[in-house]
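Reader: Could you take me through one part of this model at close range? I would enjoy a helix, with its surroundings included.

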Amino acid sequence: MESELHDISRIESALRRKKARTAIFDRDGIINRIVMRDGAPASPRNMEEFIIEPEASAALARLKTAGFRMFVASNQPDLARSKVAPETIDAMTAAILAALPIEAVRICPHDDGDGCACRKPRPGMLLGLARDFGFDLSGAFMIGDTWKDVHAGRAAGCATILLARDYNRGVAADFKTATLSEAVDLILAVGDARR
Ligand SMILES: [Mg+2]
Ligand SMILES: [Zn+2]
């Protein structure tokens with residue numbers, strides 16, 4: 001596990017102070033398997049391509065046991081591009097809610113040109129979740145696999161965890177881990193240190 005930020009201790013003490021008990025996950029590449037399309041990481045466009053990561057169930061169960069609240073915030077510009085049907089995205093959301101202890105899934109259906117407040121790296125989805133579900137973003141973790149997740153998390157005041165992948169080399173985050181299970185180890189270690 002590798003920490004890139006110089007002021008990790010500041011983040012850890014802030015999380016302890018806030019009694020961090022919230023985790024916000026990106027969807028594609030974190031909760032479900034990334035789809036490689038034309039050599040680039042992409043989003044699933046049908047239920048055959050939508051495969052929940054096998055490790056997600058046990059990893060999130062550990063956070064649930066520790067009392068964490070969990071949410072998903074996902075850019076889905078394929079909606080704006082008419083590459084995926086809204087019903088398909090809804091079915092993916094339903095599959096996540098059925099399989100994992102996630103309270104809510106937020107989707108940004110826009111593309112860059114729409115200028116919305118929700119498309120990551122903007123923090124709109126995170127701010128909306130905090131408002132609607134009543135938690136403190138400065139006591140939350142944002143876990144993702146792109147710079148947009150990290151920037152959205154930072155803009156919202158969260159601690160950020162990047163799952164290191166070939167396609168996100170060079171992206172800086174507060175913490176980097178190789179797997180979702182390791183990210184959960186890290187979150188729980190910060191929480192445990194607080195007690
Ligand atoms: Mg992703
Ligand atoms: Zn949006």
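Author: A word on terms: helices here are DSSP runs of H or I with at least four residues, strands are runs of E with at least two, and both are numbered from the N terminus. By that count, this predicted model has seven helices and nine strands. Of its 195 residues, 39% count as buried. Among contacts with a separation of 6 or more, 63% join residues 24 or more positions apart.

Let's settle on helix α5, which spans residues 124-133. Which of its residues are buried? They are Met125, Leu126, Leu129 and Ala130. Looking down the axis of α5, you find these buried residues within an arc of 135 degrees, so they line one face of the helix. Turned away from that buried side is a face that carries Arg131 and Asp132, both exposed.

What covers the buried residues of α5? The cover includes the strands β2 (22-25), β5 (69-75), β6 (104-108) and β7 (140-144), together with the helix α6 (147-156). Residues 24 or more positions apart, as noted, supply 63% of the protein's contacts with a separation of 6 or more.

Finally, have a look at what comes after the helix: α5 is followed by Gly134, and the phi of Gly134 is positive, near 65 degrees. To recap the helix itself, Met125, Leu126, Leu129 and Ala130 are on the buried side, while the face turned away from them carries Arg131 and Asp132.

Conventions:
Residues are numbered from 1 along each chain as its sequence is written. Chains are lettered from A and ligands numbered from 1 in the order in which they are written. This is a predicted model: local features need pLDDT of at least 70, side-chain atom pairs count only at pLDDT 80 or more; totals for chains, interfaces and linings use all residues. A residue is buried if 20 or more other C-beta atoms lie within 10 Å of its own, exposed if 12 or fewer, and partly exposed in between; C-beta atoms are placed from the backbone. Two residues are in contact if their C-beta atoms, placed from the backbone, lie within 7 Å. The arc is that of the directions from the helix axis to the C-beta atoms.
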